[in-house]
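This report concerns contacts between protein chains. The structure is shown first.

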Protein chains: 4
Amino acid sequence: MQQGATEAQIQKIIQRLVEDGFDVHKSTGVIHTVLGGVGGKDDFDTAVVALMEGVKEVHRILAPYKLASRGFNPAGTVIKVGDVEIGGGKIVVMAGPCSVENHDQIERAADIVADGGASIIRGGAFKPRSSPYSFQGLGEEGLILMRNAADRRGLKVISEVMDASQIGLLAAYSDILQIGARNMQNFNLLRELGKLRKPVLLKRGIAATIEEVLLSAEYIMSGGNYEVILCERGIRTFETYTRNTMDLSAIPALQKLSHLPVVADPSHGTGRRDMVPAMARASVAVGCDGLLMEVHHDPDHALSDGAQSLYPEQFSELMKSLRLIAPAGGRTV
Amino acid sequence: MQQGATEAQIQKIIQRLVEDGFDVHKSTGVIHTVLGGVGGKDDFDTAVVALMEGVKEVHRILAPYKLASRGFNPAGTVIKVGDVEIGGGKIVVMAGPCSVENHDQIERAADIVADGGASIIRGGAFKPRSSPYSFQGLGEEGLILMRNAADRRGLKVISEVMDASQIGLLAAYSDILQIGARNMQNFNLLRELGKLRKPVLLKRGIAATIEEVLLSAEYIMSGGNYEVILCERGIRTFETYTRNTMDLSAIPALQKLSHLPVVADPSHGTGRRDMVPAMARASVAVGCDGLLMEVHHDPDHALSDGAQSLYPEQFSELMKSLRLIAPAGGRTV
Amino acid sequence: MQQGATEAQIQKIIQRLVEDGFDVHKSTGVIHTVLGGVGGKDDFDTAVVALMEGVKEVHRILAPYKLASRGFNPAGTVIKVGDVEIGGGKIVVMAGPCSVENHDQIERAADIVADGGASIIRGGAFKPRSSPYSFQGLGEEGLILMRNAADRRGLKVISEVMDASQIGLLAAYSDILQIGARNMQNFNLLRELGKLRKPVLLKRGIAATIEEVLLSAEYIMSGGNYEVILCERGIRTFETYTRNTMDLSAIPALQKLSHLPVVADPSHGTGRRDMVPAMARASVAVGCDGLLMEVHHDPDHALSDGAQSLYPEQFSELMKSLRLIAPAGGRTV
Amino acid sequence: MQQGATEAQIQKIIQRLVEDGFDVHKSTGVIHTVLGGVGGKDDFDTAVVALMEGVKEVHRILAPYKLASRGFNPAGTVIKVGDVEIGGGKIVVMAGPCSVENHDQIERAADIVADGGASIIRGGAFKPRSSPYSFQGLGEEGLILMRNAADRRGLKVISEVMDASQIGLLAAYSDILQIGARNMQNFNLLRELGKLRKPVLLKRGIAATIEEVLLSAEYIMSGGNYEVILCERGIRTFETYTRNTMDLSAIPALQKLSHLPVVADPSHGTGRRDMVPAMARASVAVGCDGLLMEVHHDPDHALSDGAQSLYPEQFSELMKSLRLIAPAGGRTV
């Protein structure tokens, strides 16, 4: 309560909290009175009392997520995709082109990915482009091409779902469904994915706090789908040299607050091919459970995101250097 | 090009630009060589050449949106919703509760809105809540209640669409469909709304630049729906005293760059009832074409957003003060 | 405390708090134990206990500033500069060029300022330029020219002090000393200005929170100089259309939290002449106590900040429109 | 120029550019006319023409810094402090307490630093505290204590200078002078340090762009002091879990744009002891030339910054893991 809050104001707050099921404890100090509410409704909006007369400030003590919190599974969750484990001792590399463009391109990409030692291929079939005049993806045809390319090399597949109506299609061809940064708070989509029984990779929105990432994971998990992988891919700041600012400290933060595996996407995190290798190495050093990266056999002619796609030889060199760093954290690549 | 770029590097860039249909002009200075590309593909990704060897930096001169640009309709667009005009001499006020909760609540809200002199009622039927455990809206029942409450008082209706599958339902009961900040780059939704022939109010995402707002408007317009209203509702910054930081300068900026009407939402822009009146007055002074605000007959017990909803008497006082400010800009409220 | 915190961890925290003079209250709930510390040292760093084992989070209840808080002078402070009152019923306009360039320029600026009805002239003698190769100001000569131009027209003078060594010089010629945004946390400078007995205008840093602005004011006031004027001049965000994003909601926020007058600087707040009039009008509508603006007889040839300086006729038109808006808030210009 | 710009407007811009010494090239396209200015004044303010009538936008091609740019010393600068080299094959670790508190404390810190294998001790004698009521440092006495502790163990000394008046004192006891984040644009201080002939470590301001960091380095270098070390220590973003968001991609970015060595400060970058080791490892993996970290023999009782100071055993463990990562980048620690 504010300095000088009246007893009537204090009683009004207590009454409001009791209405929502709280037990209220009152501590009177020389300057301030502090009210503590215990119990109450899970979704209680603290802002309601924050604006009442005489209130100085309100703090929520209990995190508004439960299933996603570390306490729910202190040992950490390992997600299995066939024989690939995400969240275990091996750092999982998912790589491939931004979009599936045609048969030849995805086959060449799959070669690069497999030869480099990665275990999962990525590639978009439906592309969320900020301009309506840009290439929008091959749709189901792209998924078929990628699935075949993957199967021939023993790779798993991850691809982005943009809309609840696409879930069936994506689930048919893809081992992991990815939720893009722009859809991190598309709650209808999250709710539908909660009904699925396949792993979901949830990308952090460019303006999302760490708590909001975990609340979005909670949406999916509250539907019964506990196989959620979190992904740091850069946030928007005032700095424009990189497309986004990769918040590497979010990786240990998410791992401390949650039991879910956390992967890093240095391609979107920087938007610049020349910075991807350094930031991928830093991601492994900071303790990520996996990497998601773009690689293309001819980035200069990619139909999307060419500027952040690695050249084949860059990817292969990078994989080698990651293997030198991982053991410092007791892991392999 | 960088200082010291080789002729071979320069030729490679020229060739790459020509491939995409550009005419290239080359200016050689003492320190730098500058290449200018004219023509080319509309969706050319400048980042592709930005990362090529020898390139120092790339600037796009032509804005990537056209239909949304001021040049497309220099006089400015006035959107008619029955006898209500948005973008004309009268500043349009849209007000109502965050969510439609029940018959009594929306009737009381409609009284407050109509008595205050506003012409459009707002209210959510489907609520995008960041926690899966919060109230999610009444759905169609809420829309019916609000439509009836509006019709009895000659008000128009605006309500939010969260998913392409809801468009038919919303279009049946609502005069204007609102796209929430979290969906500003939900491109599937934008594309579907482009096929509609009803006005759409597009809210700026909390991390969206002014250019991105206009690109999202372009998505809708490129489908043939030219009735787009833009809305500033606060961006996310480091300041936490307000829920968001309302970027009032975006209003004259959008009006300069685009012919579309621009409204302000000080309720979400601040997240605090005590700051809404001052920011609403500032929005009128800065030249907005309309206001979108939350008002509730009993904000302390609202099921959502109570903390930013005005009390009835605050709303009525505010409407009076807005009428004093509008004439300074040659307008009425 | 975290869920599952041990009694030993709890006792260790209690002991640490008692060491620093706190009385500690302990509330045990089903899930969490909450410890409340009352009293203790003013400058206690909450982060110290935040990182101790078993602690979930720590919240400071008492604001770390006192002299600057609203409670210290609930009626609000009015600062007198001769017959000019800042913080009273009249909104004070301070205007003039970015830099004093020469006799003719400052005389013409003083004419524009006085003719427009402003009461204080601004102008820099020492310029903090981000490039070492830019014009750095006329120094004392500039101050003499501006003082004379002001005295001939009954204007007061405000000018920026960049360094403690300049305080004597500035105090000799200027009625108000301005602290630039870059120096808002130059604590040596703040401390020295605390010993002065002249009004100080403190600009918000581009990355400073509202609380930090008040802490910097506290620095000055703790030295005995209570005449501090706060100034919102834009913060840095991801939006680049304007040089800074003017946070107009900071004005009512600062007025709620503090008794000190708050002025707005739309010239630096936007960095664009074409947006200054709209944002100046919005600042008056939001309730500012004064305005600080740049005006130049020939902005296209100004030695600094030409792009954000108003043309003389713009300034005169703007002053007229401000007089129409101020009465809506019960004030005059 | 804007679409539809008149010939008169174009001629006015050309004339304005020629006035400032530019050669102007004009390219006329179907939609736009592009004017290119070559030569001109180094400190030309592009905003001046940006706001002239008919202008669409202005881009500066030549970076406004020279001495700090990579092109000035393509091989990279190695700064020698006695036998310690910063910018060479060995990653230099600078560690120590936030403040020098007393003889015993700094001696114990020096033992930890030396035993861990670091070569430079850090410690503040003058503390820039955001509250005027906090511990402000021991002054010269602190410098003497730290110098003695360093000399007894063959360590070098780095300490922060807060004001031009302290330069003599700092230079007498310290091998490297540090400019804090809050002073990054204290141009008077930068100019005075330009006259010194000792290495200066320049911290990035919390809201400073990469270009602004380099412009501040240019200030120092333009005075003749070429021994500048850059330091990334976190920027301010919307995320509040960490005190700042460490922008690790700034390290390779600064190394690409400049020849100066770049060090990382994960203590201030995160503000949380539990994240310092992970971010220190990531800094080495990303390619930093050195680390600046806080360590204290008893962080729970440190007079400042205890929450981000490492425990002695954490520091020693960290040093070991850094030695495993450095070889992946061809370096040692």
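The sections below describe two chain interfaces.

## Basis

This is a predicted model, in which local features need pLDDT of at least 70 and side-chain atom pairs count only at pLDDT 80 or more, while totals for chains, interfaces and linings use all residues. Residues are numbered from 1 along each chain as its sequence is written, chains are lettered from A and ligands numbered from 1 in the order in which they are written, and side-chain values use heavy atoms, with hydrogens and water left out.

## Chains B and A

Contact (heavy atoms within 4.5 Å) involves 47 residues of chain B and 47 residues of chain A. The buried area (accessible area, 1.4 Å probe, that two parts lose on being put together, summed over both) is about 4,100 Å², with 50% on carbon and sulfur atoms.

Two salt bridges (a side-chain nitrogen of Lys or Arg within 4 Å of a carboxyl oxygen of Asp or Glu) link chain B and chain A. One of them pairs B:Arg236 with A:Glu212, whose closest N and O atoms are 2.7 Å apart.

## Chains D and B

Here 15 residues of chain D are in contact with 15 residues of chain B. About 1,400 Å² is buried between these chains, 71% of it from carbon and sulfur atoms. The count of salt bridges between chain D and chain B is zero.
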